[in-house]
Structures are given as C-alpha cells and as structure tokens.
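Please open the structure in your viewer and keep the sequence panel at hand. The stops below are arranged so that each selection leads to the next.

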Amino acid sequence: MKEYLMKGVSLFAISVMLVGCSHDAWFQTNNRVKQMEEEYSSNFKTIVLGGQNVDARQTWNTAVSTQITLTSAKTGTLKIYATDPAQGSSVAALYTGSISKGETKTFTVARPQNATTLYATILDEKNYMIDNMAFDASESEVTTAFYTTPANARQMNAARRAIPSVFNFPGDADASKFLSAVPAGIEKLTQNAAMVNNYIDGSWTGELNIWGQWDGSKNTGGTLYIAGQNWFLDRKFYVAPNTDIYLIEGAVLVLRAEDAANLQGGCNIYIARGAKIATPYGVELKLNNGLHIYNHGTLDVGKMSVNNNSVLYNSNEVQVTGELSTENGNSVIVNDGTMTASRLHTAGSSHVQNNGTMTINGNTDIDSNNNTWVNNGHYTTNYFYYTAGSNDVINNCHLTVNELFKINLGDTDENGFQMDSDGSVVTKNFEAAGPSFIFMGAQSLFEVTETATMNITKDIYGIYGPKTGDYAVFHAKKIVSGAAENQGFVANYFRNLIVAYDESHFPQGYSDKDAQQQANGEVGNQPYYHVGDGAIVEGTEIIDYTIEKSQCNPGFQGGGKAKEEIKQYIYFAFEDLGTSDDFDFNDVVVRVSVPDANNQSTVELCAIGGTLQQKVFCGDEQIGEEVHNYGEFGANTKVVVGVPIAELGKVNVDEGTSVADLDIKIQVTRKDGQVETIGGPSPGDTPFRVTVTGDDQGKWFWTRERTNISDAYTQFGQWGANMDSKPDWYKSYLKSKIVKW
C-alpha cells in the first residue's frame, strides 16, 4: 500500500496503489477533439506512414501474448527468455517462477512479435543454469516439456587416483644392469665370433658380426659390452638374436640405416647413464620381435618404431627427430624421463605410458580400438587426435595440446577419454566430432583456451563428470556448434560437471530440424545440447568454484560474480493530442515490469514530454500523482535525468494475462478543463499509444522532443502499414534522434 498526495481530491485523500487493471471503455471527447483526431490521423498517414494506410490488423503493440504449458525435468527457478541466455551476457526474462521436477505449469508471457522461438531455463539455488530448452512459441497457446536424460546414459566416472589401465605395463630393468665399467674378467673382443661374452671399445675398427648358435629350438646369443665411442656409419653392426648388450657409462654407439633397421629380436639393450645410441638424421631405429631397450642414458635417432612385442623403457632421455610409433603385437613404450618426437602414433595393440615429461612437436595419433595411451606425468603435443575407441586412453596428470584436441571414436558406446581426479587437459582448441566420450574425475579440469567445437551424434555421447563428490570443470573461451543440419545431438553434459564459458555457448535449438524449419518455429526431438542431472552450464565469471593448482593441474578459479538480474519491461508511449502533427510519442512514457513471483508488476514513469496535466491509470484505477509532480516538462526527452523518473505504484497481473495486454491509459486535462482519456487503439486505428517490448536489457529508447517516431525509427512506418514487416523496428534507430540511457 502506497500513499500519494493527489490533485483534484481533498488534501489528505489516500490512494491505494496496488490495483488490478480492467478494460472498461473510457473515453470522453467533443467535436473539437474529434476534429483534432481527424487531423492527427491524416497527418500520421502522411508523415509517419509515407502515405500508406494503417494495417487493418495493427494494434501498435510489438508484443504477442502467449500461453505456455510447460513440464520441467528439474527443480529450480524457471525463466523464459526471447534470447538464449547462454550467449555471454545477461538478458531480461519474460517470465520468472518456481517449478519442481515433473511439475506442469501454465502461465502467460508477452513475447516480441518476431520471437517465434523462446527459451526456457532452469536455475538452481545459486542461480546457475542447470537446464535450457528452446521451444516453438509461434502459436497463442504452447505446450512443451524439457528433454530428460536417456535411461542408458553412461554411469562411468573417474573417481580415484590413478585410473589403472587394463594393460599391465612392465617395469624398468634392475639397477644392476646399468654399468659404469666393464665387469672384471670380461675379455676384449678381438674378432667376430658366435656366442660371445666380451666387450668392444673405440679401438674396434672393422665390421661387427656376432652370430648366434642354434640350440635346437632358437638362436642363442651371448653378452656384449660396449665401451668408448663406436661409429658404425660405413660398416656393419650385427648382433645375434637373444643377446644382452650393455652400453657402459660414456659409451656411444652410432648405427647406419641398414643396421638400425635390423636389430635382432629377443635382445636386451641396457644403456647406462652417460651412454648413448644414435642414428644419422632421418634414420629409423626399429625395435622388432621382442627387442627390449632399457635406457638410462640417451637415445638420439631420426625415427623410431616399436613393433611385435618389443619394449622401449626410458628412464632418462629419448630424442626422436621424426616419428615415434608403436605398431602392434603388444609393443610398449614407457617413459620415466624425458622424451621428444615430431609425432607419436599408437596403432594396433600397442601401449604407451608416460610417467615423466613427453613432448610431441606435431601430432599424437591414437587410432586403434585396442591400444593404450596413459599419461601419469606431463605430456605436450601440438595436436592430439583420438579417433578410435579404446578402454585405455587415460590422462592421470597433465596434458597440454598447443593447437587442437580432436576426438571421434567411431560408433562406440563403450570407450572414451578418461581423466583422473586432479588431472587436467589444456588445449588451444577442442573438437568433439561424432561419437565422443570424455569421463572426468572430481576436481579435474579440461580447459580450452580458444574454441570448443561440439559435434557429437547421440544422446549418450558427451562429457561426464563424476557421479558423486566434487565437480569436474570443462572450461572454454567459447563453445560453438560444428554440426550439420539434421545430424543428431551436438553436445551433452552429465553428472557433477561444470561447463564454464568465458564468452558464449552456442544457442539451443534442434538438430533434427533444419535452419528454415527452426526459423518457422518448429521444435524437434533432439536438442542441440542436453544438461543432465547434476551438470551446470554457466559463464566463467559467474561460477563460484575453485580447483587448486597442483603438479598435475593449473587450477581453475571462477569469478563468483553475482548474476545480473535484469527486469524486462513493456513500454507504453503516449501522445496527448496537444498538437495534431507531433508524433514523438514521449508526452508520457511509462513502463511496466513483468510480474514477479507474486504476480505483481511495477509501474514506472520514464518520460514527460507534454505540457498538459496527465495522470496514469490502469483500467479505472489511477497510479501515482499527476506526472509533472515528478519532473520538469520535457527534461528527459532532451537530456537523460535518470530512468525511471519515479515508481508510480504496483499492479496485480491476473494469471493468463500478459503485461502487454494491461489497460494502461493516461487521463489528460486540457487548459479549458476538458478531461480526455487516451488508451490502446483498436485494430487498424491511428495510435495515440504505442506499446513496445524492451530489448534484451529491458530497455527502449523513446524519441527526442518534436522528433517524429518514424524519423528516429526508420522502420516504424513499414511496420505500421504491414505488421508482418519489420516487427523488431524498435531495435534499429538513429542515435541522434532518441534518448539513449
């Protein structure tokens, strides 16, 4: 209840400002006024419409009342928007109310005429978005429901440290295998022979040809110790299968191409700290048929492939100028030290585990359904392509991708990219193309510093947080859609997952409808993205959540900024017939907010451009005082003095009524005492009141004093003559001719 001192009543009269609006006819006129109306209509047609007639359907209201019956899949605060709220800035809601999971609710909104698609959003108790739906609002009555999580959605999560692979990786060789000197009693090799137990040093100048001896089932080798520097660039190096080779501390072995590609199977090569095996630039070192290399020194080769049950176990340094590959037959690479290559390719049933620091200057390609890639340390690559589903693609610590992380697993419902609790991926760009699963543990972070492109194809594909405990965070500068029309789902977010974006998330829509169908307001069965139970999609600056920095994780810090709550308003702009050729529609401008949870709206005075006495009514009830009691004539039609000028009062909005349909009028008292009432026009009439929807920020900018509305809003006349043309005329204006606030 609000008290006002009013003119025309006793000095101490009290006006109750909480009123309901009715639509009783109320218009007093006389012959002089009728003549002015006729002149006004004629001038309006000429000046504003450019000689055209008013569209017979035209009510001069940019809003359309739409009744919505909606069923929710979650409990929270329901908001309805004309623009998708996940576009990087706060937008004004057309409706706000509470709703429960499974509840069906009916309400009415005033939507912009051209907004045939609306967006329903559910917010949790922290005001975070936990669901978002686009729906067809082109009809006067709409029934819709939020998409629900499919029953077969994956339950998998990464809950503990560290996630073990199915494959059991071998350990390093015993420390006793890495020698600082040739053991006592070992004789120097003086000539080629079979089954040696000798050593060579830098004085060996000829070819080396150690052949084995057949024991009835296999070739048996021997033991060869290498000391000093041995350069076999123009001479043969051959050691029989099943030979143990020890590179003594300080030893250097440089192999020509023929021999680097022909190391024999079954051999064990132990490289001591300070020792080195190398090949000339571009020359490939091949590990075949069960050859094992245990490196505590250095491998410096042009290329390297590990094939057919072979093992490379590195505890110090491996430098590969070109490609490093594991091919088949349970071939294994384990890195406990540092390893660099221009490309890593895992194929077949091969297995790679990084426990140290691994740097791939080009592509990491994982393209087999039966291989293993596990990172327990720090792994850096320019491109990470995971293009075939495997049980064992696991990141337990930190993965850096300088350019693009792309996942496309083929048609699989089983395998994905797993991240342990506290694990992290930092990539410049990300693309989920086709079948894609990412399973994230509590407090794990997947950060995209530029663009995340979503393009999955099924309702169960997507990014999964843990089932219980703390959140995982998927964080991107911007999240866009890369989907073709009619291709299926684009993105899904499940479990305890925060999807945080710095700039924007692509708008909600329907993958099973093409662009034209959606423009026509059609709604499909496959939303572009689904927010599952427990997941949140929100701007980074809004999220109040922290992941602490650790050895494996760079950390995440949400802004924790309170979400800006922007009210939506409907503006009622009046001409008071003070003249018959002034169409600035600023004599009185009031705005009415969308109803709150108690179905109440606030009525506010925004502009006073007329000199006559004017009072604002809702139906038969006056709201506030005579408007000039709140401000000087014309002041804020020229210079902004504050919007609103004053709150006039509150009105009740009945269920089933939209704000745009309220009977907002002004009562004008002329100099001769004649009282006239100006309200909404009938269809096809010349308007003395224009009803305008606020923009996404709830604003509308009326024209400056004595500026015809069609001069400020150049599309207004087209809309007046054809209401199907330029329905959003109020969004395009000449800045010099409007009051910008």
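A disulfide is here a pair of cysteine sulfur atoms within 2.5 Å. The model is a predicted one, in which local features need pLDDT of at least 70 and side-chain atom pairs count only at pLDDT 80 or more, whereas totals for chains, interfaces and linings use all residues. Residues are numbered from 1 along each chain as its sequence is written, and side-chain values use heavy atoms, with hydrogens and water left out.

**The whole chain**

Begin with a cartoon of the protein, which has 6 helices and 57 strands; helices (H or I, at least four residues) and strands (E, at least two) are DSSP runs numbered from the N terminus. Of its 741 residues, 56% are buried, where buried means under 20% relative accessible area with a 1.4 Å probe, protein chains only.

**The disulfide**

Select Cys 397 and Cys 552, whose sulfur atoms are joined at an S to S distance of 2.0 Å. Their S-S torsion is about -95 degrees, so the disulfide is left-handed. Cys 397 lies in the loop between β35 (392-395) and β36 (398-407), and Cys 552 in the loop between β47 (546-547) and β48 (556-557), 155 residues apart. Both cysteines are buried. Next, select Cys 267, which is buried with a relative accessible area of 2%, and then Cys 606, buried at 0%.

**The nonpolar cores**

A nonpolar core is a set of buried Ala, Val, Leu, Ile, Met, Phe, Trp, Tyr and Cys residues joined through side-chain atoms within 4.5 Å. The largest one holds 93 residues, and Phe 417, Phe 430, Phe 446, Met 454, Phe 474 and Tyr 493 touch the most other members. Centre the view on Phe 474: leaving aside neighbours within four places in sequence, its contacts (heavy atoms within 4.5 Å) include Phe 430, Val 448, Ile 463 and Leu 497. A second, separate core of 60 residues includes Met 36, Phe 44, Val 589 and Val 616.

**A four-stranded sheet**

Which strands form the last stop? It is an open sheet of 4 strands in the order β53-β52-β55-β56, paired antiparallel; two strands pair if DSSP finds at least two bridges between them. β53 (621-623) and β56 (675-678) are at the edges with a single partner strand each, so one side of each has no neighbour in the sheet. Select β52 (residues 613-618), which pairs with β53 in the antiparallel sense over 3 bridges. Within this pairing, Phe 617 stands opposite Gln 622 in β53.

Note on methods. Buried < 20%, exposed > 50% of the residue type's maximum accessible area, 1.4 Å probe, protein only.
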